Amino acid sequence: QVQLVESGGGFVQAGGSLRLSCAASGYTFSSYAMGWLRQAPGKERHFVAAITWNSANTYYPDSVKGRFTISRDNAKSTVYLQMNSLKPEDTAVYYCAADRTLYTRTLRTTQYGYDYWGQGTQVTVSS
């Protein structure tokens with residue numbers, strides 16, 4: 001079955017960096033877009049970044065643009081999220097997600113566009 005396993009979360013001071021990884025298995029990773037979303041306590045899950053199956057396109061909301069970078073290695077079936085200049089408001093559980101639309105060029109920017117989810121990894125940024 002499809003499995004997405006995130007890693008790399010942790011505790012960091014404001015201004016620091018973290019790199020999240022998400023290892024996928026159980027499907028043809030290289031054919032599908034991937035995304036990262038996050039959820040803070042008591043809040044809805046929000047879109048953070050997305051990347052097409054071939055890395056041709058990426059998309060970020062203004063809140064993380066210029067600070068976060070999504071990338072993927074199809075040979076390793078892994079998607080990454082490099083997070084720099086972290087702020088306390090970036091504190092959340094971060095989830096990777098897969099869109100099972102084959103070879104789509106449309107990047108999903110809400111949680112409703114994704115079909116498979118990881119278990120999440122906690123990121124805490126102190127001020």
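This briefing covers the fold, cores, aromatic pairs and selected residues of the structure above. The model is predicted. The protein has 0 helices and 11 strands. Of its 127 residues, 45% count as buried.

**Overall fold and dimensions**

- Read from the N terminus, the elements run β-β-β-β-β-β-β-β-β-β-β.
- The radius of gyration is 13 Å, which agrees with the value near 14 Å that a compact globule of 127 residues would have.
- Along the principal axes, the C-alpha trace spans about 40 × 30 × 25 Å.
- Contacts between residues 24 or more positions apart make up 59% of the contacts with a separation of 6 or more.
- The accessible surface comes to about 6,400 Å², and carbon and sulfur atoms hold 45% of that area.

**Nonpolar cores**

- The largest nonpolar core has 29 residues, and the members that touch the most other members are Met34, Trp36, Val79, Leu81, Met83 and Tyr94.
- Two or more residues of this core come from each of strand S3 (18–25), strand S4 (34–39), strand S5 (45–51), strand S7 (68–73), strand S8 (78–83), S9 and strand S11 (121–126).
- Another core, of 7 residues, lies apart from the largest one; among its members are Ala33, Ala50, Leu107 and Tyr114.
- Met83, from the largest core, touches Gly16, Ser17, Leu18, Leu20, Arg67, Phe68, Tyr94 and Val123, when residues up to four places away in sequence are not counted.

- Asp99 is placed in the loop between strand S9 (92–98) and strand S10 (116–117).
- The relative accessibility of Asp99 is 1%, so this residue counts as buried, the limit being under 20%.
- A polar contact of 2.9 Å joins the side chain of Asp99 to the side chain of Arg108.
- Beyond four places in sequence, Asp99 touches Tyr32, Ala33, Thr104, Thr106, Arg108, Gly113, Tyr114 and Asp115.

**Aromatic pairs**

- The count of aromatic pairs is 7.
- Tyr27 and Tyr32 have ring centres 5.8 Å apart and planes at 50°, so their pair is tilted.
- Both Tyr27 and Tyr32 are buried.
- Tyr95 and Trp117 form an edge-to-face pair, at 6.3 Å centre to centre and with 80° between the planes.
- That pair links distant parts of the chain, since Tyr95 is in strand S9 and Trp117 is in strand S10, 22 residues apart.
- Tyr95 is buried at a relative accessible area of 14%, whereas Trp117 is partly exposed at 28%.
- Ring pairs also join Tyr27, Phe29, Tyr32 and Tyr116 into a cluster.

**Serines with positive phi**

- Most residues other than glycine have a negative phi.
- Ser55 is not a glycine, yet its phi is positive, at about 65°.
- Ser55 sits in the loop between S5 and strand S6 (58–59) and is partly exposed, with a relative accessible area of 34%.
- Ser77, also not a glycine, has a positive phi of about 50°.
- The loop between S7 and S8 holds Ser77.

- Ser7 belongs to strand S1 (residues 3–7).
- With a relative accessible area of 38%, Ser7 is partly exposed.
- Setting aside neighbours within four places in sequence, Ser7 is in contact with Arg19, Leu20, Ser21 and Thr121.
- Leu20, one of these contacts of Ser7, is also touched by Met83.
- The C-alpha atoms of Ser7 and Ile51 are separated by 18 Å, and the two residues are 44 residues apart along the chain.

Definitions and conventions:
Residues numbered from 1 in each chain as written. Predicted model: local features only at pLDDT ≥ 70, side-chain atom pairs only at ≥ 80, totals over all residues. Heavy atoms only, no water. Helix = DSSP H or I, 4+ residues; strand = E, 2+ residues; numbered from the N terminus. Buried < 20%, exposed > 50% of the residue type's maximum accessible area, 1.4 Å probe, protein only. Polar contact = N/O pair within 3.5 Å; in protein donor to acceptor, adjacent residues only side chain to side chain. Contact = heavy atoms within 4.5 Å. Core = buried A, V, L, I, M, F, W, Y, C linked by side-chain atoms within 4.5 Å. Rg over C-alpha atoms; globule rule 2.2 N^0.38 Å. Areas by Shrake-Rupley, 256 points an atom, 1.4 Å probe, with all protein chains shown as cover. Phe/Tyr/Trp six-rings, centres within 6.5 Å; stacked < 30°, edge-to-face > 60°.
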